[in-house]
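Have the viewer open as you read.

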Amino acid sequence: MGWALLVVGLLMAVYTLLRYGLRSAPRPRARPDLRGRTAIVTGGSSGIGAAAALELARCGARVILATRSARRGEAAASRIRRETGNNQVQFMHLDLASLRSVRAFASTFLRQEPQLHLLINNAGVSAGGTTEDGFSLPFQVNHLGHFLLTQLLLERLRSCAPSRVVIVASSAHCAGRLRLESLGRPPSGLFSTFQDYCDSKLANVLHARELATREQGTQVTCYAVHPGFVNTSLFRHAPLWLKPLLVPLAWLLFLDASEGAQVVLDCATQDDLEPLSGRYFTDCGPRLPWPAGRDDRLARALWEGSERLVGLGAAGGHQEGHREGHRGSPAVPTAQ
């Protein structure tokens, strides 16, 4: 028994040395007083979103946790209220895999909440699949749903300016390849799910870039963020053959959610970032994204394509996705 305890103790010591010795300690951040300001955090019930929401609540903000699961959302809101003493933390249902849900959330929020100063587009998935609107799951949840949400809330952000939009992207945008002629369709190939995720992260970077361009002069600013390699539930969708390698690496080397949230909070709260609107940020500050993430023509084309897919703009009317045009066939999105 004594030997067993000794072995367990040694393993825990090795684990601690590896986990905290291989990563530098995060630098402390001072945050401003956010009383009187309202924030939405998508995916705010766990991971980076929950950590960001907790810190915003500590600073006094009114925080809306926009999540799919009512059970997890209500539990997270209750925990944050208890830990911070801030009773202005609420759950509202939002399923980004449903454009109908996005519209319902925006309608409810605009009816109930008079102010919006901060929109953190954080929720994301890496799993493959197709949504009820006929789009690839990662592309809709990570980009299209957030694109529609941002557009529906943009007038409120303008009326409450100065306001900010923070889009959680990833360095995985380096492998993104947007195919405008088949935007929203899952790519083909052996690693199609991974490619789909990378494409959605490139779309995040380009969304921030084009939104900043279009909102010049409105005091609505936008930032794309790579939070670092963070050990979150995003990895639950990793292939089974990869998990034995990925899970130990994640525990040893990846950041925890509160560490990953720091750069998100920096872009949400730091003073004097307005001249850097549209830029891509890491923990080290603004950085150049990969070349595709700096392509203004691609950013504009993505914006216009996204408007059509979600049913915004002159060409799109108010149809959601392509369901209305394909009642007799499977809901497969096509570029118009």
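## A strand and its neighbours

In this predicted model, strand S2 (residues 62-67) and strand S3 (residues 89-93) run parallel, paired over five bridges. If you want a spot to look at in that pairing, find Val63, which sits opposite Val89 in S3.

S2 has another partner too: strand S1 (residues 38-42) pairs with S2, again in the parallel sense and over five bridges. Here Thr38 is the residue facing Arg62 of S2.

How much of S2 is buried? Six of its six residues are, making the strand mostly covered. That goes for both faces: Arg62, Ile64 and Ala66 are buried on one side, and Val63, Leu65 and Thr67 on the other.

| Start strand | Helix | End strand | Handedness |
|---|---|---|---|
| S1 | H2 (residues 47-58) | S2 | right-handed |
| S2 | H3 (residues 70-84) | S3 | right-handed |

Now for the helices themselves. H2 and H3 pack against each other at an angle of about 40 degrees, and their axes lie 10 Å apart. The crossing of H2 past H3 is right-handed. On the H2 side, the contact is made by Ala50, Ala53, Leu54, Ala57 and Arg58, while H3 brings Arg79, Ile80, Glu83 and Thr84. Sorted by class, that contact of H2 with H3 comes to five nonpolar, one polar and three charged residues.

Terms used:
Residues numbered from 1 in each chain as written. Predicted model: local features only at pLDDT ≥ 70, side-chain atom pairs only at ≥ 80, totals over all residues. Heavy atoms only, no water. Buried < 20%, exposed > 50% of the residue type's maximum accessible area, 1.4 Å probe, protein only. Helix = DSSP H or I, 4+ residues; strand = E, 2+ residues; numbered from the N terminus. Pairing = 2+ DSSP bridges. Right-handed = clockwise from strand over helix to strand, strands pointing away. Axes fitted to C-alpha atoms, helices over the stretch in contact; angles between N-to-C directions. Left-handed = near helix turned anticlockwise from the far one by under 90°. Contact = heavy atoms within 4.5 Å. Nonpolar A, V, L, I, M, F, W, Y, C, P; charged D, E, K, R; others polar.
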